[in-house]
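Colleague: I would like to learn how to read a structure one feature at a time. Could we go through an example together?

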Amino acid sequence: MTTSVSLLFAWGMYGHQHINHAAVFALPVEMRFFFYNHIDFITEEATIPDLRKYTLNDRAENPRHFIDIGEPGTIPIDSMPRTMKEAKAKYDDKELQKLGILPWYIQEMMDKLTKAFKQKRKTEILFIAADLGHYLGDANMPLHTSVNHDGQLTNQKGIHSFFEAQLPEYFGNSYNYKVNDAVYLPDVTAASWDVVKHSNSLVDSMLLIERNLKETFPKEKIFKTDSKGDTAKNKFGLYVRSDEFAAAYHKALNGMVEKQLRHAIQDVANFWYTAWVNAGKPDLSDLDPEELTKANRKRYEKEMKLLKKGELMGFKVENEY
Ligand SMILES: [Zn+2]
């Protein structure tokens, strides 16, 4: 795939920050308060991998965010290499750069996180956990698993950021971010593929729903217009879907955006928890001064109370739309 500006904010800042933030509350108590002490970092760091990709123009970073399933001539998802080792045996560097390495990279991050837990290296735990949260978020965005990553093959350009950034920003404040307690994943390799497979299974319908909607929608009302009534481009040079069209698409998706965000939160909590268990459940309580944990307790209780009602607080996301 080619690098597209519409991928600049995968899940948008709104989505990624909500995913990492909410995941902290699904952790078991032995992990929760350590993570909560650093929840601002975990939340803000959620968008850093995308910045690394574009601002630093880091070539190695780009393929970590996607896997192009469905590339003509490629094999079906179930026959794809399961691990990075198998992938490297099958594809050369250039091919991997083009295909993307998302599920394999998630597995690598899990190894790194497990090691960091084992060694009780605080800074590394936090960095890797936050980054892993980002990639799991990406994996839950259907178009990050598809060769048709921006609807470019079906005349739907711009749908990528429309789905993952504009919609969460418009409607995300009414979503419920409380997920179940983290569960242990006995097979990380299988789990990483489950995320990708489920996400990929939604690609056709999310694209089809938009195409169908476009046919029934007045043409001049699909995109935002400027004061002269001409179709307006945003700062990335893309046409932006109108508020009315966004509302109609969001409704027609029947909860898909919220469900995928919730899936992502659950995955992040499950993967973090699994790494900690595989590291032998190290005691994290001595990584921070006791006073800090105590001082944060009140804020935590307040947030948890709100979250139980489905609300999320504690941070503010900059608007992109
Ligand atoms: Zn990304």
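Predicted model: local features only at pLDDT ≥ 70, side-chain atom pairs only at ≥ 80, totals over all residues.

Colleague: At what angle do helix α9 and helix α12 pack?

Modeller: Helix α9, residues 159-171, packs against helix α12, residues 243-252, at an angle of about 90°, and their axes are 11 Å apart. The two helices are therefore roughly perpendicular to each other.

Colleague: Which residues of α9 and α12 meet?

Modeller: From α9 come I159, F162, F163, L167, Y170 and F171. Their partners in α12 are D243, F245, A246, A247, Y249 and H250. Sorted by class, this contact has 10 nonpolar residues, one polar and one charged.

Colleague: How do helix α10 and helix α13 pack?

Modeller: Helix α10 (residues 188-200) and helix α13 (residues 256-278) have axes 12 Å apart, and the angle is about 175°. That value makes α10 roughly antiparallel to α13. On the α10 side the contact is made by V188, A191, S192, V195, H198 and S199, and on the α13 side by Q260, H263, D267, F271 and T274. By class, the contact of α10 with α13 has four nonpolar, six polar and one charged residues.

Colleague: Take F271 from that list. Is F271 buried or exposed?

Modeller: The idea here is relative accessible area: a residue under 20% counts as buried, and one over 50% as exposed. F271, in helix α13, has 1% relative accessibility and therefore counts as buried.

Colleague: What is F271 in contact with, leaving aside its neighbours within four places in sequence?

Modeller: F271 is in contact with I106, M110, L132, L136, L185, V188, A191, S192 and V195. Of these, V188, A191, S192 and V195 were listed for α10 in the contact with α13.

Colleague: Now the metal. Which protein atoms are the donors of the zinc ion?

Modeller: For a metal site, list the donors and then look at the angles. Here the donors are D50 (OD), H65 (ND1), H134 (NE2) and D138 (OD), at 2.0 to 2.5 Å from the zinc ion. Along the chain the donors follow the spacing D-x14-H-x68-H-x3-D. H65 lies in the loop between α4 (48-54) and α5 (84-90), while D138 is in helix α8 (residues 122-139), so this pair ties together parts that are 73 residues apart in sequence. Both H65 and D138 are buried.

Colleague: What do the angles say about the site of the zinc ion?

Modeller: Ideal angles are 109.5 degrees for four tetrahedral donors. The angles among the four donor atoms here run from 85 to 176°, and the site is irregular.

Colleague: What is the phi of K120?

Modeller: K120 has a positive phi of about 50°, although it is not a glycine. K120 lies in the loop between α7 (102-118) and α8, and with a relative accessible area of 27% it is partly exposed. K281 also has a positive phi, near 50°. K281 sits in the loop between α13 and α14 (290-308), and at 46% relative accessibility it counts as partly exposed.

Colleague: How do I compare separation in sequence with separation in space?

Modeller: Take two residues and read both values. D111, in helix α7, is exposed, with a relative accessible area of 56%. D111 and V188 are 77 residues apart in sequence and 9.7 Å apart in space, C-alpha to C-alpha. For K302 and K85, the values are 217 residues and 45 Å, again C-alpha to C-alpha. K302 lies in helix α14 and counts as exposed at 56% relative accessibility.

Conventions
Residues numbered from 1 in each chain as written. Heavy atoms only, no water. Axes fitted to C-alpha atoms, helices over the stretch in contact; angles between N-to-C directions. Helix = DSSP H or I, 4+ residues; strand = E, 2+ residues; numbered from the N terminus. Parallel < 35°, antiparallel > 145°, perpendicular 65-115°, else oblique. Contact = heavy atoms within 4.5 Å. Nonpolar A, V, L, I, M, F, W, Y, C, P; charged D, E, K, R; others polar. Donors = N, O, S within 2.8 Å, 3.2 Å for Na, K, Ca; no water. Tetrahedral: all angles 85-135°; square planar, octahedral: opposite > 155°, others 65-115°. Buried < 20%, exposed > 50% of the residue type's maximum accessible area, 1.4 Å probe, protein only.
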